Amino acid sequence: GAVQALEMARVLGILKQFLPELEDGYGIEQNGDHIYDVWEHNIRAFAHSMDREWPLHVKLGALFHDIGKPATRQWSEEKKDWTFYGHDVVGARITAKIMARLHFGADLSDMVVKFVRYHLFFSDIEKITLSAVRRIVKNMGGDSVWDLMKIRACDRIGMGRPKEIPYRLRKYEAMIEEAMRDPISVGMLKINGEDLMGELHMKPGPKIGSMLHALLEEVLEDPKKNTREYLVSHATSLANLSDTELKALGDAGKSKKDNEESKEIEQIRKKHWVK
């Protein structure tokens, strides 16, 4: 297969003609977390992507994810171990050169470069916040963050770890899904504050917010009510309420929204078997 072909190309001296950066990892010992040198680790990660029959961009991402390690390896007297600071950034630059040299298309190249650039994200042992996950979703674009998780799985197997997706990665998957879901908010309504002010000749102020949250509660109870016609007519009756009554209805709407959000998030976590 492809893995054997790369190994044979290295032994025969062909690999250095078209992928010298990959061969540079041969014999480059890693730090305490790794039992393999950089070459073997990259090859094993690539092999796992082949075994799983993942798409080409994932396979190339797995093969090149640590390609920046040989260029960034430094000995740390403090740690008494090798460090590879910035190998993600340097690796992304190297990957861009490789993809151009091998005449891969721009879209494929951009995607593989992104994988190499951000492959460390889900290996952070520190707790990852939801806002950080939102940022990586935005940086990767679209559903590509799920492919980044596949590369993380290849990275783990390439280290000789027995489990492709341990609890921590399942937790990250749940966080990705949470970050990508559409939030429950007044933005879901088929009417906005400006519409209310125009239709009901109201001035800007807290009453508009209370009214929108009261309408949101109605729509959460019965999504069929989310039509401009219904919302305008219901808002007309809400406009006759006192400020206190309207605020109470708005607060009830906010509370309903929070409960619905909690339920959705609980379902996502259950699905991924995490807390």
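Predicted model: local features only at pLDDT ≥ 70, side-chain atom pairs only at ≥ 80, totals over all residues.

Reader: Good. So where does Arg117 fall, buried or exposed or partly exposed?
Author: Arg117 has a relative accessible area of 32%, so it is partly exposed.

Reader: And which residue does Arg117 form a salt bridge with?
Author: Asp88, with the closest N and O atoms 3.5 Å apart. Arg117 sits in helix H8 (residues 106-118) and Asp88 in helix H7 (residues 87-101), so the bridge ties together parts that are 29 residues apart in sequence. Asp88 counts as buried because its relative accessibility is 13%.

Reader: How many salt bridges are there in the whole structure?
Author: A search of the whole structure gives 23.

Reader: OK, what about Arg181, what does it form a salt bridge with?
Author: Its partner is Glu264, and the closest N and O atoms are 2.8 Å apart. Arg181 is in the loop between helix H11 (167-180) and helix H12 (193-200), while Glu264 is in helix H15 (residues 243-271), so this pair ties together parts that are 83 residues apart in sequence.

Reader: Which of those two is buried, going by relative accessible area?
Author: Arg181 is, at 17%. Glu264 has 34%, so it is partly exposed.

Reader: Staying in helix H15, how far along the helix are Lys263 and Glu260 from each other?
Author: They are 3 residues apart, which means about one helical turn between them. Their side chains meet in a salt bridge, 3.4 Å from N to O. Lys263 is partly exposed at 47% relative accessibility, and Glu260 is buried at 18%. There is a network here too: salt bridges that share partners join Glu221, Lys256, Glu260 and Lys263.

Reader: Switching to Lys59. Where is it, and what is the nearest side chain of opposite charge?
Author: Lys59 is in helix H5 (residues 56-64). Lys59 is buried but has no salt bridge, and the nearest side chain of opposite charge is Glu53, 7.5 Å away.

Reader: Now the surface. Which residues form a nonpolar patch there?
Author: Met8, Leu12, Ile14, Phe18 and Leu102, with about 460 Å² of accessible area together. Phe18 is in helix H2 (residues 15-18) and is partly exposed, at 33% relative accessibility.

Reader: And the overall picture? How many helices and strands?
Author: The chain has 15 helices and 2 strands. Its C-alpha atoms fill a box of roughly 85 × 40 × 35 Å along the principal axes.

Reader: What is the radius of gyration, and what would a compact globule have?
Author: The chain has 26 Å, whereas a compact globule of 275 residues would be near 19 Å.

Note on methods:
Residues numbered from 1 in each chain as written. Heavy atoms only, no water. Patch = residues over 30% accessible without salt bridge, like charges linked within 9 Å, V, L, I, M, F, W, Y side chains within 5 Å. Areas by Shrake-Rupley, 256 points an atom, 1.4 Å probe, with all protein chains shown as cover. Salt bridge = Lys/Arg side-chain N within 4 Å of Asp/Glu carboxyl O. Helix = DSSP H or I, 4+ residues; strand = E, 2+ residues; numbered from the N terminus. Buried < 20%, exposed > 50% of the residue type's maximum accessible area, 1.4 Å probe, protein only. Rg over C-alpha atoms; globule rule 2.2 N^0.38 Å. Lys, Arg positive; Asp, Glu negative; His and termini not counted.
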